[in-house]
Amino acid sequence: MTSAVTIRMPKRFDYSSNTEFNAKITAALETPGAITLDCSELEYIDSAGIGLLVMSQKKAQAKHSKMIMINLKPAPREILQLANLQKIIDIK
Amino acid sequence: MACHGIMELDALMQVKLLLLIAFALLGGSLSGVFLHPVLGVVFVSALLGYTLLSLVNNNAAPLVSDDIENAGYPSSAINQTGAIINEVVQEGMGNLEAQIGIQSDAVHTLTEAFQKIKELLDEQQQSIKTLVHDVHDEKTDGTISQHMSNFADSTYELLNRFVDTTVNMSSSFMELVEKVGFISEQMPRALKALQDIDQIASQTNLLALNAAIEAARAGDSGRGFAVVADEVRALSNRSAGFSMAIQTQLREIAGGIEDLKLTVSDVASQDMTYVLQVKAEMKLVSDNLIRRAERDQQVTKEMEPIVSELVEQLHNAMRALQFEDMSSQNMQHTIRHLEELIPIASSLSVAGNNLSQLINELSRYQESDLRQQHNPVSASSVTSGSIDLF
C-alpha cells in the first residue's frame with residue numbers, strides 16, 4: 001500500500017488538535033492509500049492525542065486504509081509504546 | 001689410705017647410681033606417658049636392672065669387707081634409692097590418675113560444646129533458609145526472588161491494563177466529542193429553519209393585517225372575514241413565539257454541548273509522562289529487589305557446603321574425643337605397672353645388707369601375670385586406633 005497523504009503532526013498533540021486533525025484525516029481518507037503522520041516536530045502527546053490516533057486508525061481501518069508514523073522522537077515514541085500503539089499503528 | 005681411696009670411689013659410685021636411677025625414673029615416666037606405657041616400664045626396668053647389676057658387681061668385694069660393711073654406705077645408698085623410687089612412682093601414679101580425671105572432664109565439656117555448636121549450626125541454617133525461602137507462604141513454595149518476580153509481572157500487567165483503559169477511554173471520549181460536535185454543527189441549520197419560520201409568521205401576520213384592513217373597508221359584509229383575519233394574525237404571533245422559544249432552547253442546548261466538550265476534554269486529556277516515570281521507578285525497585293533476593297539465595301547456596309564441611313569436621317572432632325577411653329586405658333595400664341614397682345622400691349628402702357627380699361620381689365615382678373600382659377591399647381593415633389578386648 002503506497003503512502004498517499006502525509007500529515008505533519010504539531011509540536012503538541014492533544015485535545016486542542018482535535019478539530020484540525022479530524023478534518024485532515026477525513027480529507028486524507030478520501031484519497032486511497034496509507035496515511036503517513038510525519039512526527040518530526042512532535043514533542044508532546046497526551047492521552048487525548050493517543051485517543052485521537054486510535055479513533056483515526058479505526059476510521060482508516062473501516063476504509064481499508066492504515067496509518068504510518070515516522071520520524072518519532074524518543075519521548076513521544078516511548079509514550080506510544082507504553083500505550084501499545086505499535087500494535088495497531090505502524091510506527092517507524 | 002687404701003680405705004680412704006675406696007671410700008671416695010664408693011661415694012662416686014653412689015652419685016652415679018643416684019643419677020642413673022633418677023634418669024631411669026624420669027625417662028621411664030616420660031616414655032610411658034608420651035610414647036608407650038610398656039616402653040616406659042621396660043625403660044625403667046632395664047636401667048634399674050643395669051644399676052642393680054653394677055651395684056652388685058662393683059660392691060661384691062667391698063660388701064664382704066668388714067671395713068666397708070661397717071661404714072654402712074651401700075646399705076644407706078640402697079635404702080635412699082628405694083625411698084626415692086617409691087616416692088617418684090607414687091607421685092607418677094598420682095599425677096596419672098589426676099590426668100585421667102582432668103582429661104575426662106575436658107573431653108566431656110568438649111563433647112557437649114561441639115554438640116551445642118552443631119545444634120546452633122542447624123538452627124542457623126534453618127533461619128537462613130527461612131529468610132531466603134518464604135516458607136510462611138503455604139500456597140506457593142517459591143523463593144522470595146520468584147515472589148518478587150511474580151509481583152513485578154503482576155504490577156506491570158496492572159499498569160498496562162491501566163494504560164490500555166486510559167487509551168480506550170480517551171479514544172471513546174474523542175469519538176463522543178466528534179459525535180457531539182456533529183450535533184453541534186446541526187444547530188445553526190435548525191436555527192436557520194426557525195428563522196425561516198419566523199419570516200413566514202411575520203409575512204402571515206402582515207397578510208392578515210392587510211386582510212383585516214380590507215375587511216373593515218368592506219363594511220358589514222366583511223365583518224366575518226375580519227374575524228378570520230384576526231385569528232390568522234393570532235396564529236402567526238403564536239407561531240413566532242414558539243419559534244423564539246425553540247431557538248432559545250436550542251441555544252441553551254448548544255451551550256450545554258460546549259460545556260460537555262470542555263468537560264470531556266478535561267477527562268480525555270491525561271498526561272502519560274507520569275505513568276512512564278512510575279513504570280520506570282517500579283522496574284528499578286523490583287529489579288533491585290529481585291537482584292538482592294537472588295544474591296541472598298546464591299550466598300546461601302554457597303554457604304551450604306561450608307556448613308556441611310563444618311558439621312563434618314565437628315563430627316570428626318566428636319569422634320576423636322571418643323578416643324579418650326583409649327587414652328584413659330593407656331594411663332591405667334601405666335599406673336598398674338608403676339604399682340608393681342612399689343614393692344621393689346619398698347624392698348630397696350629396707351634392704352640394707354640383705355638383698356634377698358629385693359631379689360624375691362624382682363623375681364615376683366618378672367613372673368607377674370600383669371607384666372606378661374601387653375598394653376590393651378595398641379593405637380598410636382585417633383585416626384586408625386583399635387582397642388583390644390581383654
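So, Glu43 of chain A: it's partly exposed, with a relative accessible area of 43%. Bear in mind that we're looking at a predicted model here. What does Glu43(A) pair with? Its side chain meets that of Lys73(A) in a salt bridge, at 3.5 Å from N to O.

Glu41(A) makes a salt bridge with Arg8(A), and the closest N and O atoms are 3.1 Å apart. On accessibility, Glu41(A) is partly exposed at 40%, and Arg8(A) is partly exposed at 49%.

Over to chain B for one more pair. Arg223(B) and Asp220(B) form a salt bridge, with the closest N and O atoms 2.5 Å apart. Buried or exposed, Arg223(B)? Exposed, with a relative accessible area of 54%, and Asp220(B) is exposed at 59%. Back in chain A, by the way, salt bridges that share partners tie Arg8(A), Asp38(A) and Glu41(A) into one network. If you search the whole structure, you get 15 salt bridges over all chains.

Okay, helices. In chain A, look at α1, residues 18-28, and α2, residues 47-62: their axes come within 11 Å and cross at roughly 20°. With the cut-off for roughly parallel being under 35 degrees, α1(A) and α2(A) therefore count as roughly parallel to each other. The crossing of α1(A) past α2(A) is right-handed. Who makes the contact? From α1(A) it's Asn18(A), Phe21(A), Asn22(A) and Ile25(A), and from α2(A) it's Leu52(A), Leu53(A), Met55(A), Ser56(A) and Lys59(A).

Last stop, α6 of chain B, residues 223-268. It has 46 residues and reaches 67 Å from first C-alpha to last, close to the 68 Å expected at 1.5 Å a residue. Several of the residues in α6(B) are buried, including Ala229(B), Ser236(B), Ser243(B), Leu250(B), Ile257(B) and Val264(B).

Methods. Residues numbered from 1 in each chain as written. Chains lettered and ligands numbered in written order. Predicted model: local features only at pLDDT ≥ 70, side-chain atom pairs only at ≥ 80, totals over all residues. Heavy atoms only, no water. Helix = DSSP H or I, 4+ residues; strand = E, 2+ residues; numbered from the N terminus. Expected span 1.5 Å × (residues − 1). Buried < 20%, exposed > 50% of the residue type's maximum accessible area, 1.4 Å probe, protein only. Salt bridge = Lys/Arg side-chain N within 4 Å of Asp/Glu carboxyl O. Axes fitted to C-alpha atoms, helices over the stretch in contact; angles between N-to-C directions. Parallel < 35°, antiparallel > 145°, perpendicular 65-115°, else oblique. Left-handed = near helix turned anticlockwise from the far one by under 90°. Contact = heavy atoms within 4.5 Å.
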